[in-house]
Every structure is written in C-alpha cells, then in structure tokens.
Amino acid sequence: MPLFDTHAHFDAEQFDEDRDAVLSALPESGVCLVVNPGCDVPTSRAAVALAEKYPHVYAAVGIHPEECGAVTEADLEELRTLAQQEKVVAIGEIGLDYYWEGNPEREVQRAIFRRQMELAREMKLPVIIHDREAHGDTMAVILEYPDVRGVLHCFSGSPEMAAELLKRGWYLGFDGPITYKNARRAPEVAAITPLDRIVIETDSPYLTPVPYRGKRNDSRYLPYVVEKLAEWKGVTTEEMTRITWENGLRLYGLTELEKV
C-alpha cells in the first residue's frame, strides 16, 4: 500500500541542496502523495510551484501564527488567489502559537486565524491547524466556524479536546514525536481516536522520528510513525497504511486518486 504524508514542508531551506532528488525519489520509496503547506505568502507560492512540478505533491496555502504579525489585506487577497489553483487542497498552516515570547500578539494571531477560517469557508476547503500551547483559544475559534473542517496538525491537546474535535468531524495528525520516549499524551489520544480519523505526517524537515531523531526529516521516515500507530491500535502496519491513505484522500477531497 502507498503512504500519504499529509503534512511536509519541502519548500524549506533545509532541502535547498537536494529537493528535486528527494521529491523525485518518494514514489519509489512508497510515498505516493504529499501535501506541502505554506507558512506565509512566499512559502505558499513555493508550495503551489512544487505541486505544479511534481504529480504526487499537492499544496496548502496559509499564514502560520508565527508569521502573521505584518500580514496585509494584499497578502490575504493573494492567498485567496492561490487557493483557487487546481492542486491546492487546503488552507494551512494556520492557527495559534503561544509558545514563543517573540511571536505576534495573541489578538493579532486570533484575528488572522479567523480571517483564514473565513477564507476556508468561502473556498469550501479544509484547514490545517497549528496549535501550540493555545488549546483553549484554538478550540474557541474552531467552534465559531462549525461548517469548517480539517486536521489538527501534530495534535498535542488533551484526550478531552480530541474527543470534542472528533465529535465534530475533525481529523488528528500524528508525527515523529509519537516515537519519542516522553510521548505521554499521544497514546491516550490515539486510544480514543477512531481509525478513520487518523492521518500521518512528517512535518519534514522537522520532528524526525526515532531512530533518526536529530537528523533532517523527510517523508521516507513515515513508516516509523505508521508502525507506532499500528502497535497502539492493535492492527498491522499494512492495515494502518491503507487506512491512513484513505483518510488522507478523504480529508483533502482527493478521492479520485483511490486507485493510485
């Protein structure tokens, strides 16, 4: 079964030396689909360009909370234009990040988050949400848009938050950190997450799984995430691969690719 990396940043500078080689090799390694989210307008443009170049790559466009401090109306309008491109499948990576003191003011983050949720609703696209140390406010914004669905990328909230999201039709993304020894909440969250709501991610070049932690991540390390989830959920790796492939297609509206 093919693998679907539902969140990877191949536009990142860490891939400047060998981007084409890595991306071109993915299908031979079993990774047959990748979604590359943007984090600001330039990286959203880059994500679209990668999607246009590689048949197995799709794009999401959005402004990450760390990058939203100087966003203009022109930026938001360009996102709307980019979102209309054929291979753009989501608005993202958007959300809230209260972890770093140097991040934009929380009110600014929330305002830009809402504007992008409105864009997703307008474009009828799912969203990819980044939530770091902002669980309450993230959930509050999500509840303001009951008709918008998507994925909580690298989910780090409580099982209770997960249950509320799952009840509302959301997906949860699992990444390399589930392979770390200090992964305490992730098994609890995975335990209550139905198989049909789990998607797998690398967040390349970040969050590299064990045994490669500390090195640059890429989609070829996705099997380590699959193996851990399969262990937790009591299914085979083949079954987890099939299920997460189908979930990724459904999340991003790519069901016509089921026969890939």
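Keep in mind that the model is predicted. Welcome to its helices α5 and α6, which run roughly parallel to each other, and to Ala-190, which is buried. As for disulfides, the structure holds zero.

**Helices α5 and α6**

- Two packed helices are described by the angle between their axes and the distance between the axes.
- Helix α5 covers residues 135-144 and helix α6 covers residues 159-167; their axes come within 12 Å and cross at roughly 10 degrees.
- Angles under 35 degrees count as roughly parallel, and α5 and α6 are therefore described that way.
- On the α5 side, the contact involves His-135, Met-139 and Ile-142, which meet Met-161, Glu-164 and Leu-165 of α6.

**Ala-190 in helix α7**

- Look for Ala-190 in helix α7, which spans residues 185-192.
- Ala-190 counts as buried because its relative accessibility is 1%, and buried means under 20%.
- Leaving aside residues up to four places away in sequence, Ala-190 touches Phe-174, Leu-229, Trp-232 and Lys-233.
- Gly-176 lies 14 residues from Ala-190 along the chain, and their C-alpha atoms are separated by 14 Å.

**Cysteines**

- For Cys-39, the closest cysteine sulfur belongs to Cys-68, and at 12 Å it is too far for a bond, since a disulfide needs sulfur atoms within 2.5 Å.
- Cys-39 is buried, with a relative accessible area of 19%.
- Cys-32 is partly exposed, with a relative accessible area of 22%.

Conventions. Residues are numbered from 1 along each chain as its sequence is written. This is a predicted model: local features need pLDDT of at least 70, side-chain atom pairs count only at pLDDT 80 or more; totals for chains, interfaces and linings use all residues. Side-chain values use heavy atoms; hydrogens and water are left out. Axes are lines fitted to C-alpha atoms, for helices over the stretch in contact, and angles run from 0 to 180 degrees between N-to-C directions. Helices (H or I, at least four residues) and strands (E, at least two) are DSSP runs, numbered from the N terminus. Angles under 35 degrees count as roughly parallel, over 145 as roughly antiparallel, 65 to 115 as roughly perpendicular and the rest as oblique. Contact means heavy atoms within 4.5 Å. Buried means under 20% relative accessible area, exposed over 50%, partly exposed in between (1.4 Å probe, protein chains only).
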